[in-house]
Amino acid sequence: MTVSIPVGEELGPSFSAEADAVVVGSGAGGAVATHALAEAGLKVICVEEGPHVSRERFSGRQLEATRQLYRLDGMTAALGTPSVVIPMGCSIGGTTTINAGTSFRTPERLLRRWGEDFGHTATPDELAREFEAIERLMPIAPVPDHLLGGNSEVVRLGASRLGWSAGPIPRNAPTCRGCCRCVLGCPEDAKLSMNLSFVPAGLRAGAIYLSRLRVRQVLHRAGTAHAVAGDLLSADGRRRAGRFEIRARAVVLAAGAIFTPILLRRSGLQGASRHLGRHLRLHPATRVVGLFDRPVRGWEGVLQGYFVDEFAREGVKLEGVFVPPGLLAPALPFFGVESAEVMRRYENLAVFGAMAEDDSPGGVDGELWGLPRIRYRLTQADANRVVKGAWAIGRIFFAAGARAVYTGIHGHERFDDVDALERLLAHSIPPAWLELLSMHPHGTVPMAADPGRGAVDLEGRVFGTQNLWVADGSLFPTALGVNPQLTIMAYARRVAQQVAAR
Ligand SMILES: Cc1cc2nc3c(=O)[nH]c(=O)nc-3n(C[C@H](O)[C@H](O)[C@H](O)COP(=O)(O)OP(=O)(O)OC[C@H]3O[C@@H](n4cnc5c(N)ncnc54)[C@H](O)[C@@H]3O)c2cc1C
Ligand code: SF4
């Protein structure tokens, strides 16, 4: 599918435009909001800092892909104990371009909690209608058996022997061929990330997309936003090629949970709420590797094909995550020869991830030397969830016949039998001993009925403003507990409907 999107420097050195609505960011929230606004008949411009990259340029080579598609080569991090790496996408399609395609609906228990504690009005039935509308453009189905691959088969076997609740993951990749490269950009155009679904649909509905435009500020007067302004960037994103200003009657921020609060702060738009930038949720996650005597060949099949939700009520979710060797090797708890020995048996390795539904204090405090200043302090309760997840994966691997299990837990890196693993839960593991990643930053501009509880109102409008909206992963007032893209899209549609109505 060929889509042509202008690049910042082609518009320079000075560019201005006018629209009914301008959307900042083209990820799960921005692309869906843009499409909904265009369908409602508004003239809408969506500006994206990253490039537009089509599949011919998805080389599958890790270094090239991270440079091309990830922000800061995937190395954004939250400082704290421990620090947490937060990979994020930066291209047309946002993080969806490099995500795994996992598409879970919002748990109903959360919708009830958000209703009771934060006044959210979305009922399960209303949200189901949004999901149905989304799925018309982006069909979702569980991974079929023939695409599960060895990694998921190992977990299916182990979980069934233990009698644990598990299943194939629902995904938005109807023509997937199971090449296991989703996080480097799908070379088959099979995963219907935003660049292949809502972006083209938005363009067909009349929306304008511009790439390599970095918004620096929302311009506003007396609570009314009237424009966004920033830099036109060169095609490789390294050089400022000019300035732009786009005037609009409505401004919708969908720059993601790290950059939306930064943009608001930088624009002097904290609003009337002390909640802006606080309550960062990360779904802190750890990887566990199982070594088998038989070939697993985890790269044949879907990268994230299977889940285990046996411990979901305790805030622990397990999901497949078979990554390329260049990403797996640094995640192993070994160095030098030992690491090489394990990597030599890559064919016999299985890899699964555990993530926690977290409640640890964290936030985005602005910028330092041009980088986001993110803090996060993992509590003991959340650390225990991560450890429980690692233990559970170890149990599954041993039940499926693993010879050894490797974790990212300092002092407990290797287990050679299930008895040793059983003793893991007897320890209180200090949070600092965990090696963590976060694929799901969210919650930094929470939606609530009043400014005492959130930073945007129930329509998604920043408190204290008339026409400034948020439509991305920032909106959720607590940890989501499932992979967020589908919930972000549903909420973005609801916000866009409010913008259009006004
Ligand atoms: C490796 C990986 C795998 C994942 N897998 C899954 C999965 O399988 N399922 C799932 O549900 N979730 C997954 N996620 C998470 C999911 O993709 C994100 O939660 C979701 O895309 C977030 O949507 P968003 O709209 O909030 O932000 P994003 O999708 O990150 O979009 C924000 C966009 O705004 C742009 N932007 C930021 N600042 C500016 C600015 N100043 N000016 C202009 N543009 C700007 C960014 O470049 C970016 O493109 C994964 C994440 C990662 C990193
Ligand atoms: S497994 Fe391969 S074909 Fe399937 S969605 Fe991922 S990258 Fe695309």
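At what angle do α4 and helix α12 pack, and how far apart are their axes? The legends below take up this pairing and two other close-ups, all from a predicted model.

**View 1. Helix α4 packs with helix α12.** Here is the reply to the opening question: α12 spans residues 485-501, and the two helices pack at an angle of about 105 degrees, with their axes 9 Å apart. Angles of 65 to 115 degrees count as roughly perpendicular, so α4 is roughly perpendicular to α12. To find the contact on α4, look for L127, E130, F131, A133 and I134. On α12, the partners are L486, M489, A490, R493 and R494. By class, this contact has seven nonpolar and three charged residues, with no polar ones.

**View 2. P139 sits in the loop between α4 and β5.** Setting aside neighbours within four places in sequence, P139 is in contact with N172 and P174. H52, by comparison, is 87 residues from P139 along the chain, and the C-alpha atoms of the two are separated by 23 Å.

**View 3. A shell of 15 residues lies around ligand 2.** Coming nearest to ligand 2 are C176, C179, C182, C186 and K191. If you sort the shell by class, you will find nine nonpolar, two polar and four charged residues.

Definitions and conventions:
Residues are numbered from 1 along each chain as its sequence is written. Chains are lettered from A and ligands numbered from 1 in the order in which they are written. This is a predicted model: local features need pLDDT of at least 70, side-chain atom pairs count only at pLDDT 80 or more; totals for chains, interfaces and linings use all residues. A residue is near a molecule or strand if its C-beta atom, placed from the backbone, lies within 6 Å of it. Ala, Val, Leu, Ile, Met, Phe, Trp, Tyr, Cys and Pro count as nonpolar, Asp, Glu, Lys and Arg as charged, and the others, Gly among them, as polar. Helices (H or I, at least four residues) and strands (E, at least two) are DSSP runs, numbered from the N terminus. Two residues are in contact if their C-beta atoms, placed from the backbone, lie within 7 Å. Axes are lines fitted to C-alpha atoms, for helices over the stretch in contact, and angles run from 0 to 180 degrees between N-to-C directions. Angles under 35 degrees count as roughly parallel, over 145 as roughly antiparallel, 65 to 115 as roughly perpendicular and the rest as oblique.
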